[in-house]
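Hi everyone, thanks for coming.

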Amino acid sequence: MKVLFATTNPAKIKKYAEKLKEKNIEVLTIKDLGINLKPEETGKNAIENAYIKAKAYYDKTKIITIGMDNNLYIEELPEEK
């Protein structure tokens with residue numbers, strides 16, 4: 001199985017590609033496919049932005065796509081609006 005990773009971060013790609021390879025999942029990258037999209041991240045949080053990116057790349061390629069936005073979460077602080 002092949003999946004597209006909607007990131008240009010080489011450290012993320014390396015980390016997750018190695019783990020997914022153990023499960024016989026090949027990770028394709030935006031660079032591999034020569035895609036130059038700039039999805040507008042208008043979500044209210046990291047999860048929504050990851051979805052926006054994944055959907056944009058899926059719509060372009062029709063390849064199963066992983067989107068990820070890393071954020072620091074601190075439970076005691078209120079969510080920004």
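Let's start with Lys62, which is exposed, its relative accessible area being 56%; exposed here means over 50%, buried under 20%, and partly exposed in between, with a 1.4 Å probe and protein chains only. Before I go on, this is a predicted model, where local features need pLDDT of at least 70, side-chain atom pairs count only at pLDDT 80 or more, and totals for chains, interfaces and linings use all residues. Residues are numbered from 1 along each chain as its sequence is written, and side-chain values use heavy atoms, leaving out hydrogens and water.

Back to Lys62: you'll find it in the loop between helix H3 (46-61) and strand E3 (65-66). Helices (H or I, at least four residues) and strands (E, at least two) are DSSP runs numbered from the N terminus. Lys62 is not a glycine, yet its phi is positive, about 60 degrees. Most residues other than glycine have a negative phi.

Asn24 also has a positive phi of about 60 degrees without being a glycine. Asn24 sits in the loop between H1 and strand E2 (26-29), and is exposed at 66% relative accessible area.

Now, how many aromatic pairs does a search of the whole structure find? One, with ring centres within 6.5 Å as the criterion; planes under 30 degrees apart count as stacked, over 60 as edge-to-face, and the rest as tilted. Phe5 and Tyr16 pair edge-to-face, 5.9 Å centre to centre with 85 degrees between the planes. Phe5 lies in strand E1 (residues 2-5) and Tyr16 in helix H1 (residues 10-21), so the pair ties together parts 11 residues apart in sequence. Phe5 is buried at 1% relative accessibility, while Tyr16 is partly exposed at 29%.

Conventions: Phe/Tyr/Trp six-rings, centres within 6.5 Å; stacked < 30°, edge-to-face > 60°.
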